Amino acid sequence: MSLRAPVLLSLLIAAPAAMAQDAAELAAMTSPWSGSGGELGFASARGNSNTESFNGRLRLRYTDDDWVHSLDLFGLRSRSESTRTNDDGTTSRVSNTTANRYTGSAGSALQLGEHRQITATLRFERDDFATYDRQSSFGLGYGTRLWDNDRFSLDAQIGPGVRRTHNSETDETRTGLIGRGFFDIKYSLTANTDLVNTLLVESGSYNTFAQNDLGVSVSMNEHLALKAGWQARHNSDVSEDKRKTDTLTTMNVVYKFK
């Protein structure tokens, strides 16, 4: 009996400590999911003319040992409504869709070491108001970090690929080889303010597509942030009545996955 009492007492003392340690280790485990999460922006005007504009984005990243999988979805839609006076003096409401575009991309990367990987990326785009109303591409590449310090990083991917496009003016579908480059810049302005810039280039024999996304986000707490963004999209080969470059300015609320 004299030996059992100290043993029981030591177990009673050690059990809560072990449980607390296990709970701390469980809390310290990081989720395989990460990314900027969801972005949402909406604008509405009412009066002599009514306009509505919506844009949303979802970015996810999943890490599984040496593999990193990513998903990026984007949608933009804008609509206007105004009053038109007819020849007989009557009036009618006219509704027009002024923007309707959505894109999706998915990729996987095999880590070869710190900041080095082999990548595979699939991208699809639909834009009702562009010369190429449908574009899809698949690319393989090698990625590495070109610059890295506490506040600034620059990642790059480059490699070959194949692209398929549909020309809305000529109803022609073409498939060809491309060279693909992707560059990702991140800079921490302050403890809660980040500047990010991504540049995608897909260049082939009949068209060079480039998209640059510049954004400044200010974190309000661990999960929510406000983001101001500017996007420029360029196609080198377009019809005569189309502009080669489109721009989009957004102010969005961002939910971050932690």
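**From patch to salt bridges**

A nonpolar patch on the surface is formed by Leu58, Leu71, Leu73, Met220, Leu224, Leu226, Val253, Tyr255 and Phe257, with about 720 Å² of accessible area together. Patch residues have over 30% relative accessible area and no salt bridge; nonpolar side chains (Val, Leu, Ile, Met, Phe, Trp, Tyr) are joined within 5 Å, like charges within 9 Å. Accessible areas come from the Shrake-Rupley method with a 1.4 Å probe, and for residues only the protein chains shown count as cover.

This is a predicted model: local features need pLDDT of at least 70, side-chain atom pairs count only at pLDDT 80 or more, and totals for chains, interfaces and linings use all residues. Residues are numbered from 1 along each chain as its sequence is written, and side-chain values use heavy atoms, with hydrogens and water left out.

Strands S3 (67-85), S11 (224-235) and S12 (245-255) each supply at least two residues of the patch. Leucine 226 sits in S11. Its relative accessible area is 42%, so leucine 226 is partly exposed (buried is under 20%, exposed over 50%, partly exposed in between; 1.4 Å probe, protein chains only).

Now the fold. The protein has one helix and twelve strands. These are DSSP runs, numbered from the N terminus: helices are H or I of at least four residues, strands E of at least two. Along the sequence, the pattern is α-β-β-β-β-β-β-β-β-β-β-β-β. Of the 258 residues, 30% are buried.

Next, the second largest pocket. Its space is about 390 Å³. It is lined by 20 residues; Arg101, Asp127, Phe129, Ala130 and Asp246 lie nearest its centre. S4 (91-113), S11 and S12 each supply at least two lining residues. S4 gives the largest share, four residues. A pocket is an open set of points on a 1 Å grid over the protein atoms alone, where a 1.4 Å probe fits, with protein on both sides within 12 Å along at least five of seven lines; lining residues have an atom within 4 Å of a point.

Finally, charge. The whole structure holds 15 salt bridges (a Lys or Arg side-chain nitrogen within 4 Å of an Asp or Glu carboxyl oxygen). Glutamate 125 and arginine 123 form one at 3.1 Å, N to O. Both residues are buried. Aspartate 155 pairs with arginine 145 at 2.8 Å, N to O. This pair links S7 (152-167) to S6 (132-148), ten residues apart. Shared partners join Arg101, Arg123, Glu125, Asp127, Glu202 and Arg233 into one salt-bridge network.

Technical notes:
Grid points are joined across faces, edges and corners, and a volume is the space filled by probe spheres set on the points.
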